[in-house]
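Please look at the structure on the screen before we discuss its parts.

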Amino acid sequence: MKSKFQAIFRESTRTDRLVLFFLMICILFCLSGCTLFPSESASVTQSDSAIESASDSASVSPASKSHEENEEAAQSFLRVFFAANKEGRYDTFISAMESSSVPLSPEKGKQELPPEQTAAIENYHRELAALCTEKCLKDIVSERTLSKYDHCMAEEKAIYEITQINLNGDSSEKGGQEDFEFELRLQNKENADKTLIAKGQISVEQGKVSRFYLSPIEGLKP
């Protein structure tokens with residue numbers, strides 16, 4: 001009898017172990033299932049997040065980015081141009097031009113610049129040259145736009161600094177060129193009550209200034 005009970009006990013113990021073993025497997029399977037297969041709500045949340053991210057990226061259109069780049073190019077040009085006698089650029093230019101004579105060409109009947117003056121002109125406009133097209137630079141040099149401005153500021157015998165730049169232009173490009181109206185405020189460093197307002201037009205094409213026009217500045221001697 002005792003042997004029979006022992007056999008039954010051993011069989012019962014074996015069965016309990018098997019049940020416990022399968023129960024543990026089921027628990028592990030459920031836990032792994034939760035990890036491997038995310039819930040439907042989590043998938044929807046991730047999809048919504050992806051859509052929102054794509055929408056944000058699409059909101060920055062190439063046209064708006066190009067407009068911002070054009071504005072930055074125009075502002076960079078204006079900051080250089082209106083920084084009168086920047087790093088002594090005008091003093092160096094005038095000194096180089098005055099130290100050289102200008103011979104008259106009998107063949108063409110006009111004055112031709114000697115190499116040293118040509119070099120002086122190139123150095124004087126070098127920083128602007130990096131910010132504008134070749135045609136725009138040629139117009140600035142031939143019209144003496146930069147030297148006229150620097151001369152007027154030298155006659156003013158005061159140092160002015162840029163305090164504000166306003167650009168008003170279209171938000172989209174037209175034929176690869178974007179046109180702006182600009183208004184720039186210059187403030188006398190020694191007299192805060194004295195300011196100058198410079199106005200004009202500036203155009204940008206492919207990240208470079210392609211046209212520049214400066215209206216006469218009121219309060220500045222020509």
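Is Cys 132 buried or exposed? Cys 132 counts as buried, at 3% relative accessibility; buried means under 20% relative accessible area and exposed over 50%, with partly exposed in between (1.4 Å probe, protein chains only). Cys 152, at 12% relative accessibility, also counts as buried.

A word on the source. This is a predicted model, in which local features need pLDDT of at least 70 and side-chain atom pairs count only at pLDDT 80 or more, while totals for chains, interfaces and linings use all residues. Residues are numbered from 1 along each chain as its sequence is written, and side-chain values use heavy atoms, with hydrogens and water left out.

Let us return to the cysteines. The structure holds zero disulfides, a disulfide being a pair of cysteine sulfur atoms within 2.5 Å. The cysteine sulfur closest to that of Cys 132 belongs to Cys 136 and lies 4.4 Å away, which is too far for a bond.

Now the overall fold. The protein has eight helices and six strands; these are DSSP runs, helices being H or I of at least four residues and strands E of at least two, numbered from the N terminus.

Four of the strands form an open antiparallel sheet in the order 3-4-5-6, where strands pair if DSSP finds at least two bridges between them. Strand 3 (160-169) and strand 6 (208-214) stand at the edges with a single partner strand each, so one side of each has no neighbour in the sheet. Strand 5 (residues 195-205) is joined to strand 6 by six bridges, and Gly 200 has Leu 214 in strand 6 as its bridge partner.
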